[in-house]
Structure formats: structure tokens, C-alpha cells
Amino acid sequence: MLTAKETRESFKAFFASKQHQIVPSAPMVIKGDPTLMFTNAGMNQFKDIILGNVPARYLRVADSQKCLRVSGKHNDLEEVGHDTYHHTMFEMLGNWSFGDYFKREAIDWAWEYLTGVLQLNPERLYATIFEGNKAEKLERDAEAADYWSKHLPDTHVLNGSKKDNFWEMGDTGPCGPCSEIHIDLRPEEERRLTSGAEWVNKDHPQVIEIWNLVFMQYNRKADGSLEPLPAKVIDTGMGFERLCMAIQGKTSNYDTDVFQPIIQRIATLTGFVYGENKQKDVAMRVIADHIRTIAFSITDGQLPSNAKAGYVIRRILRRAVRYGYTFLERREAFMYRLLPVLIDTMGDAYPELKEQQTLIEKVMQEEEESFLRTLETGIRLLDRKIEEAKIAGEQVLSGVDAFTLYDTFGFPLDLTELILREHGMKAEMDAFNVEMQKQKERARNAAAVETGDWVVLKEGDSQFVGYDFFESEAEILRYRKIKQKNKELYQIVLNRTPFYAEKGGQVGDTGWLISENEKIVVIDTKSENNLSVHLTEKLPADLTTTFIVRIDKKKRLQCECNHSGTHLLHEALREVLGTHVEQRGSYVSPEALRFDFSHFRKVTDQELRKIECLVGEKIRADFKLEEHRSLPIAQAKEMGAMALFGEKYGEEVRVVKYGNSVELCGGTHIPSTGMIGTLRIIAESSIAAGVRRMEAITAEAAENYFFIQQDILRELRSLVNNVPNLIQTIKKSIDENADMKKQLEVYAKERVVQLKKEILSRAVEWNGVKVIQYTGKGHADFMKDVAFQIRSESEERVAFVAGLIEESKCTLMVMLSNALVAEGYNAAQLVKNAAYHIHGGGGGQPHFATAGGKYIDGLSAATEAVMESLGLK
């Protein structure tokens with residue numbers, strides 16, 4: 001029986017023997033593709049080749065690709081851990097042909113590998129083929145059926161619907177029929193009772209798909225029609241975890257050596273035995289699955305955050321923490337301690353795990369601890385809501401409140417429901433679902449982009465000339481209309497362009513398309529499927545003319561100063577802080593630069609000054625740009641260039657060198673460092689455990705920043721009569737102000753005592769209640785102190801009602817003693833009912849509440865209404 005490690009290597013070795021180039025996995029986190037955040041299939045890294053935007057270096061390719069799926073038809077995050085075979089992060093074994101072999105070889109080699117190399121029982125295998133579709137005028141895939149007939153009896157070759165057996169990249173693009181291979185892992189006695197054919201694609205946990213062979217032979221247009229692809233593509237994907245289950249004779253992916261070492265380590269850390277309790281087993285599976293996703297995302301440069309891909313990773317991490325908290329009784333961070341066993345199981349295939357171990361552990365530990373604090377906060381908030389509901393005699397928590405806990409505080413709904421059940425309550429799910437749907441609609445509308453078909457004016461490749469020129473002559477190759485946020489825009493592809501398309505942290509160029517009769521503004525340039533796409537608000541009147549395409553030179557030069565400054569900053573950071581510093585992200589625009597890097601403590605002021613001085617030296621040295629295009633990556637590394645984790649490099653790269661600064665970089669740069677002028681660091685902060693962020697400016701922006709600081713300093717000096725020692729004078733003023741503030745606090749306390757005596761002297765008894773009423777000018781915080789002092793000194797039935805006037809606003813305040821609250825009176829409800837008199841609103845707790853308003857003339861009516869509700873009028 002092969003181990004998981006042996007299985008992975010056997011797949012690569014088999015296809016290497018079939019003349020396939022074995023390529024490394026692309027990062028799981030995708031950069032430069034607006035349509036995807038994560039690699040969700042093995043084909044993602046070959047998308048540009050499949051779309052025909054770049055030529056294939058190799059016609060035959062195979063790999064093991066790390067993938068992530070958290071939503072859609074393929075996976076639902078909330079189900080992961082509950083069944084035996086769905087995951088967030090998974091490995092996809094795949095082989096591809098780009099215009100070389102097609103169906104026959106794909107089917108024959110799949111069969112040879114499964115039954116010949118892995119020795120799977122042929123009697124347990126089934127293949128599905130596309131049954132055809134009359135509406136699309138597509139015939140049954142008889143060709144694939146014929147090839148399968150050489151290996152399988154007719155009863156094991158099954159027709160499949162378009163839903164299951166016609167693969168599409170998206171609403172448009174390459175597509176075609178596919179052939180799925182399923183395996184029946186049921187016990188023999190079950191197989192004798194019913195054929196596996198009856199359970200194929202019926203969600204049976206032991207009759208599962210393990211390999212999908214996709215035969216791309218069509219292109220789907222925006223109008224839904226199909227046209228033949230000029231070069232047919234084979235794209236296959238086999239679920240590694242499911243394959244291991246089949247090979248190792250298990251009935252669950254989680255019982256294989258892919259997951260069991262992690263699960264057993266969880267059992268050791270928590271003190272619970274896997275297999276003894278259903279809920280605890282689910283929790284262990286959730287954590288074992290999610291730890292892989294989190295670790296690989298961090299190695300690919302994606303830290304947990306509140307936006308886009310980072311939000312997805314944080315959501316997955318928090319789901320794992322929540323299962324540990326609820327079912328495994330974990331009240332402190334522990335998942336980061338699982339990393340060594342994950343490295344042991346997967347580190348050979350993915351060495352980046354070991355190389356980034358310290359960072360992964362620190363990020364995970366901080367995120368765990370942060371969310372555990374959030375859970376405690378959420379529980380306190382929920383307890384308060386439960387108390388308020390019980391006082392009001394309600395057994396249902398508002399759906400809006402449940403959603404606020406979920407959306408604002410990250411408090412899981414199922415944990416809310418669990419706690420409510422313990423109190424004999426439930427959540428108002430209809431209202432919760434309405435709020436959730438509103439949120440989804442907001443997100444969908446913000447991200448929705450409608451795209452038309454490309455209109456091809458002429459065939460040809462797009463050449464980027466922006467390293468050497470700010471303008472050039474160009475013709476339009478293709479264009480299409482898009483609609484985003486109800487605004488129509490146009491995407492244009494040119495045969496030659498100096499416009500840099502946004503990628504690698506550098507923003508895209510802006511500029512103009514110029515013809516004899518018009519000047520079209522290019523508002524942005526994006527990289528889409530390896531094409532430079534120019535964004536405009538209108539199309540040229542004459543699409544076939546030759547244009548002068550010109551970038552905004554000033555913005556480009558500002559951007560280049562910031563980008564080259566980023567390289568010098570990176571080098572200086574490593575010199576001052578240590579060689580552990582590595583880039584974790586960057587953003588370069590004409591206005592400023594932002595650089596994220598690995599470092600485990602705050603950078604001191606002395607270190608910041610030293611870094612700035614070092615960068616200044618490199619700028620003044622006026623190092624000339626040494627650029628090496630299309631350099632073999634091995635040679636680039638020999639020069640000292642660092643490959644960044646989470647980036648996908650080809651076999652040839654571009655190297656940018658200034659003095660001793662050597663980096664792999666595709667961005668645009670200044671001809672020499674002297675043109676940068678100066679660099680000033682304007683902010684340094686933490687963005688995650690072990691990751692710091694520096695923000696800086698260069699050139700003209702740095703000069704303007706210096707001028708502003710000068711102006712501020714000049715103005716400060718004038719405020720203190722241009723004293724020679726400005727700092728000492730300001731410090732003296734601050735100390736004097738602090739002393740005066742302390743004196744005022746003493747006076748305020750004395751005034752509270754005095755006012756309390758005055759108010760108590762007016763107290764009257766009414767129906768056994770000591771009533772204290774005050775209406776007049778006063779500050780709400782000041783009067784609150786009075787109210788609480790009265791409350792703390794009295795155990796009898798006391799009601800304090802105040803109407804306060806402060807400038808153009810007024811405040812209604814109610815304080816009740818514990819005795820009155822115990823009788824069922826509620827200050828919050830009292831002020832809510834009376835607040836309309838002052839055209840305002842408010843709330844609070846049963847013993848103390850306030851309401852604010854602007855209608856001062858209604859204040860007396862409001863206090864009278866409270867008194868009546870208390871039965872004191």
C-alpha cells in the first residue's frame with residue numbers, strides 16, 4: 001500500500017515517462033487575475049495558454065497543484081468536516097495537453113495509471129461520458145465511449161448530463177465534454193446487493209469521483225453560442241486526498257495518512273480520543289482540514305484580514321477556532337502547535353512550509369488569541385441581550401441583533417443559537433436571513449462586472465514596450481464593452497503599448513490614445529490573462545486607424561521613483577534589521593509606496609533613522625539601473641536575487657539591480673537612483689503577527705512633506721513667541737495643563753457632593769418611593785455621577801428623574817434603585833416611552849438610562865411622563 005507521499009511521486013513519475021514536463025504547483029493565492037482570488041483547479045495556472053494569450057512552452061505538462069474551494073457548486077465551507085471527502089484546501093493531480101494528444105491518450109493513460117501502477121480493482125471503476133444536449137445541438141461523446149469500451153464493460157460506461165459531464169471555465173471561454181472516473185469503495189456485501197452504477201453522482205460517500213478528464217474543444221461566446229477551439233486541450237484533475245482513500249482502503253479521506261497524523265496530534269493536545277464522540281470528531285476534522293488552508297495561504301503571502309482573500313482566510317481560521325472552543329473546550333490558542341506535524345506530512349512536497357514556519361506560527365497564534373477574545377466579548381454582549389429580552393418577557397432574540405453579533409463582532413450564528421437554547425430562547429431567523437441576504441447583495445453588486453465578447457479587429461500579439469518608451473504607435477487588436485457599477489466602460493488591447501498594466505504591487509499607467517481627430521483618455525491599465533487591457537470611457541470613432549499611445553509621463557516617473565525607492569528600502573531593512581527581513585507585499589503608486597515585510601517587533605526610532613540614512617546614501621550614490629531581461633531563474637538567483645513566496649515565476653525572469661540591490665521584478669524603474677532625490681518614511685506599523693508595514697514617499701512628494709513640517713514648526717514657534725527651546729516650552733505647557741486638570745477634577749467632585757445635598761434636600765416621599773426630581777441647566781456626565789452616588793448610598797425605593805438643558809440640546813435621565821428594578825420597573829423602557837416629547841431617543845439598562853433630544857420645550861412633559869409611568873403622579 002502506497003503512502004500519500006509515495007502516491008504523489010508515483011503520479012509525477014508516471015507522466016514524466018509519458019514525456020510530460022513536471023512543473024511546480026502555482027501559489028494557492030492568485031495575483032493578477034481579477035476573476036479569481038484562489039487557485040480552485042489545476043488548470044488555473046495554464047489559463048493564459050488555454051485562452052491563447054501566450055504560447056505553451058511545453059505541449060505536455062503534469063503537476064500536483066494546491067487548490068482552495070470554499071463556495072459554489074464544488075464546496076460549501078459549512079459542510080467541511082461533516083462528511084468524509086470535502087475539503088477547503090486540497091491537492092489536484094493533473095496532466096495537460098496543449099494541442100498535442102487528445103481523448104484516446106488521456107483515457108488510456110488514466111486507465112494504465114489507476115489499474116497498472118496503483119493496482120486499483122478494475123471492477124470497482126466506472127466512467128461517465130457526456131450524453132449530449134439537444135438544446136445546444138451537441139451529440140453524445142461517442143468517441144470517448146469507444147475508447148472506454150476497450151477497458152470497461154458497457155455497464156460501467158455511463159451517460160452523464162450537461163451538468164455533470166460538460167465542463168466550462170465560466171460563462172464564456174473554453175469548454176467541452178468531460179469524462180469522470182468514479183470508484184465504488186463499498187463493502188462486497190453491499191456491492192452484491194446494488195450495482196455501483198446506481199450510486200454514481202448520487203452523493204454516496206463511498207461511490208465517489210476521483211478523476212475528471214476534460215476535453216476542451218469549444219469556446220463559449222457571450223451570446224451563449226459555441227465555436228470550435230483552434231487548438232484542443234486536455235485538462236485532467238484527480239483529487240489527491242480521495243485517491244489516497246481508495247489506495248489505502250479507507251472509507252474517509254480523514255482516515256488516511258494525509259490527515260491522521262494531524263488529527264492524532266489534535267487529540268493529544270486536547271485530551272479527547274478521535275472516534276468516541278461525533279461532535280468532537282467533526283471538530284477535529286474541521287481543524288485538520290483548515291490548518292492546511294491557513295498555513296499554505298500564509299506561505300503564499302496572504303495574511304488573514306478583513307478584505308477579499310484575507311477575509312476568506314480569516315473566516316476559515318475563525319471557523320476552526322470556534323469548533324475548538326465549542327466542542328474541544330479550548331480556551332487558549334493551540335492550532336499553531338499543529339504546524340510541525342503538517343510540515344512532516346507535506347513539507348517534502350512543499351518546502352515553503354518549513355521555510356516559513358516561524359511566520360506561520362506567529363500569525364496563527366495572534367489570530368487565534370484575537371478571535372478567542374472576540375468570542376468572550378460576543379458572549380458578554382449576548383448575555384446582555386438575553387437579560388434585556390427576559391426583562392421584557394421575550395423568548396426570541398432579534399434577528400438584527402444576531403446578525404450584528406455575526407457581522408460586526410464575528411460571533412458565529414450556531415454558537416449564538418447554542419447559548420440561546422441553554423436559556424430557553426431562540427433567534428429570529430427570518431430577520432437574520434434578510435440581513436444576510438442584504439449583505440450578499442451589497443457584495444455582489446460591488447463586485448459584479450458584465451463583459452461582452454471580444455471584438456477582434458485583427459489577429460496578433462500584444463507587445464509591451466514601456467521599459468524603453470513613454471509613447472509609441474499602435475493599432476487596436478481587440479476591444480469589448482464592460483459594465484461595472486452601472487457604468488459602461490471599454491477594454492482595449494493594442495498591438496504595441498508603453499502602458500504598464502497593474503501587477504506586482506505597481507498601479508497601472510494612465511494616458512491617452514491619440515489620433516488625428518480625437519484624444520481618448522486611458523483611465524487605467526490592468527493585466528488580465530496576461531494581456532495589457534486599457535480601460536477607457538469611450539471608444540475611438542475610427543477603430544482601425546494608427547494611434548499615438550502616450551502614457552502620463554509625470555505619473556509614471558513618480559511611480560518609478562517610488563518603485564525603485566522600495567527596492568532600496570528593502571535592502572536597507574535587511575542591512576539594519578537582519579536578513580530575516582523578507583517582502584510580504586507592496587503597493588507602489590505615483591503618490592507613495594507601501595512595503596510589508598517580515599519582522600517580529602516594532603522598528604525603533606533609531607532604526608528608522610538609520611534606515612532612512614542608508615537609503616539616502618544609496619540615492620546619492622546615483623547607482624545606474626542594471627536591467628537583465630529574460631534571464632534564466634537559476635542565474636538570477638546566483639546574482640543574489642530573492643524569489644518571493646507566493647509568486648509564480650517562469651523559467652526566465654527579469655532582474656533589476658541598483659548597486660548591491662538585486663531583485664526579481666517586472667515593474668518599471670528610474671534610470672538611476674539619484675533621480676529619486678530623497679525618501680522619507682512617514683509611517684511604520686504592525687499589520688499581522690510577524691509582519692510590519694512601512695509607508696514612505698520620495699522625490700517631489702518628500703519635498704512637499706518636508707515643507708509642510710517646516711511650516712508646522714514655524715507656526716508652533718510663533719505661538720510661543722519664538723522661544724529658543726521649543727520642546728521644553730511645549731512640555732512645560734502640557735505639565736501646567738495637567739496640573740490644572742487635576743485641580744478642576746477636585747472642584748468637580750466637591751461640586752457633585754454639594755449638588756447631591758441640594759437635590760436630596762428636595763426629595764419627597766410618594767407612595768413609598770423616595771422621589772428626587774431635577775430640571776434645569778446641567779451637564780449629563782456630571783449629573784450621572786450625582787445619580788450613581790445617590791444610588792450607591794441608598795438601599796430603599798428611590799427614583800431619580802432629571803431633565804437637563806445644555807446649550808441647544810436636552811437630556812432625559814432616569815435612575816432607579818435595585819428595589820424598584822426588582823419590582824419590574826425598567827429605566828430603559830421609561831426613557832424610550834418618554835423620549836418622543838423631546839423629539840429624541842435613547843436607552844440604557846434597567847437601573848439607569850438616558851435619552852437625548854433637541855426639543856427643550858418638551859423636557860417638562862418628558863419628566864412628567866416618567867413620573868406617571870412610575871405611578872408617582
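Colleague: What makes Glu807 count as exposed in this predicted model?

Modeller: The relative accessibility of Glu807 is 77%. The model itself is predicted.

Colleague: Where does Glu807 lie, and what is its phi?

Modeller: Glu807 lies in the loop between β32 (798-806) and β33 (809-816). Its phi is near 55°, a positive value in a residue other than glycine. Most residues other than glycine have a negative phi.

Colleague: Which residues gather with Glu807 in a patch of negative charge on the surface?

Modeller: Asp781, Asp785 and Glu806 gather with Glu807 in that patch.

Colleague: Why is Asp785 called partly exposed?

Modeller: Asp785 has a relative accessibility of 45%. Buried means under 20% and exposed over 50%, with partly exposed in between; the value for Asp785 therefore falls in the middle class. Asp785 is found in helix α22, residues 780-792.

Colleague: How do you know whether Gln119 is buried or exposed?

Modeller: The relative accessible area of Gln119 is 60%. The cut-off for exposed is over 50%, so Gln119 is exposed. Gln119 lies in the loop between α3 (103-117) and β4 (125-130), and has a positive phi of about 60° although it is not a glycine.

Colleague: Why is Glu607 called buried?

Modeller: Its relative accessible area is 15%. Buried means under 20%, and therefore the term applies to Glu607. Glu607 has its place in helix α18, residues 605-620.

Colleague: Which residues does Glu607 touch, not counting those up to four places away in sequence?

Modeller: Glu607 touches Val576, Leu577, Arg601 and Lys602. These count as contacts because heavy atoms lie within 4.5 Å.

Colleague: What makes Thr497 count as buried?

Modeller: Thr497 has 1% relative accessibility. That value is under 20%, so Thr497 is classed as buried. Thr497 lies in strand β18, residues 496-497.

Colleague: Which residues are in contact with Thr497, leaving aside its neighbours within four places in sequence?

Modeller: Thr497 is in contact with Ser462, Gln463, Phe464, Val465, Gly466, Ser472, Ser532 and His534.

Colleague: How far apart are Thr497 and Phe597 in sequence and in space?

Modeller: Thr497 and Phe597 are 100 residues apart in sequence. In space, the C-alpha to C-alpha distance between Thr497 and Phe597 is 33 Å.

Definitions and conventions. Residues numbered from 1 in each chain as written. Predicted model: local features only at pLDDT ≥ 70, side-chain atom pairs only at ≥ 80, totals over all residues. Heavy atoms only, no water. Patch = residues over 30% accessible without salt bridge, like charges linked within 9 Å, V, L, I, M, F, W, Y side chains within 5 Å. Areas by Shrake-Rupley, 256 points an atom, 1.4 Å probe, with all protein chains shown as cover. Salt bridge = Lys/Arg side-chain N within 4 Å of Asp/Glu carboxyl O. Lys, Arg positive; Asp, Glu negative; His and termini not counted. Charge placed at Lys NZ, Arg CZ, Asp CG, Glu CD. Helix = DSSP H or I, 4+ residues; strand = E, 2+ residues; numbered from the N terminus. Buried < 20%, exposed > 50% of the residue type's maximum accessible area, 1.4 Å probe, protein only.
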